[in-house]
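Please have the sequence and the coordinates at hand.

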Amino acid sequence: MKTFKMLSLAVVDGEQLVDYPLHDGLIINQENSQRSWVLELLVDEKHEAVFLDMKQNGKVHDVKVVISYPGNEPATFEVIIHAVKPIGGHVSVLMKGTLKRARRKYAETLLSELLEDGLEGEELLERFETDMRERPVLRKDESKST
């Protein structure tokens, strides 16, 4: 098994990414035949209801996680919430899941979509820079999940 520091977590909600600021987090590659990962994070207790709802609905959720270094591209995992427990003013959330197939062409796909939208010049550059930071869900990815 390999353990990594989790720096940020965002839950994919339709076309939106909902960020949950972490107090702490780790992610474990179990290195097994199922290619499973364990994610544990500590968030403010004000988010407890959201994660409890995600646990109770039993659905698979996509989350984007930045691992180890702030400059790393977020990795997308398909997870199920296994436990939500209050711990001294915070909430511990335990997730288990798998890493979605790595996409190394995010920038190229984003640029293609912005050009399809008719953006050009300074507007294209500004939107590209913003979207590279914020990593919105791409139309190409939306069509795969429906």
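Is Asp62 buried, partly exposed or exposed? Asp62 is partly exposed, because its relative accessible area is 21%, where buried means under 20% relative accessible area, exposed over 50% and partly exposed in between (1.4 Å probe, protein chains only).

The model is predicted, so local features need pLDDT of at least 70 and side-chain atom pairs count only at pLDDT 80 or more, while totals for chains, interfaces and linings use all residues. Residues are numbered from 1 along each chain as its sequence is written, and side-chain values use heavy atoms, with hydrogens and water left out.

**Salt bridges**

The structure holds four salt bridges, a salt bridge being a side-chain nitrogen of Lys or Arg within 4 Å of a carboxyl oxygen of Asp or Glu. Side chains of opposite charge can pair when their charged atoms come close.

| Pair | N to O distance |
|---|---|
| Lys5 and Asp24 | 2.5 Å |
| Lys100 and Asp62 | 3.0 Å |
| Asp131 and Arg127 | 3.1 Å |

The salt bridge of Lys5 with Asp24 links distant parts of the chain, with Lys5 in strand 1 and Asp24 in strand 3, 19 residues apart. Helices (H or I, at least four residues) and strands (E, at least two) are DSSP runs, numbered from the N terminus. Lys5 is partly exposed at 41% relative accessibility, and Asp24 is partly exposed at 39%.

The salt bridge of Lys100 with Asp62 also spans distant parts of the chain: Lys100 sits in the loop between strand 7 (90-99) and helix 2 (106-116), and Asp62 in strand 5 (residues 61-67), 38 residues apart. Lys100 has 30% relative accessibility and therefore counts as partly exposed.

Asp131 and Arg127 are separated by about one helical turn, because they lie four residues apart in helix 3 (residues 121-134). Asp131 is buried at 8%, whereas Arg127 is partly exposed at 36%.

Ala10 belongs to strand 1 (residues 2-13) and is buried, with 4% relative accessibility. Not counting residues up to four places away in sequence, Ala10 touches Leu17, Val18, Asp19, Asp62, Val63 and Lys64; contact means heavy atoms within 4.5 Å.

Asn29 lies in strand 3 (residues 22-29) and is buried at 17%. Leaving aside neighbours within four places in sequence, Asn29 is in contact with Met1, Lys2, Phe4, Ser36 and Trp37.
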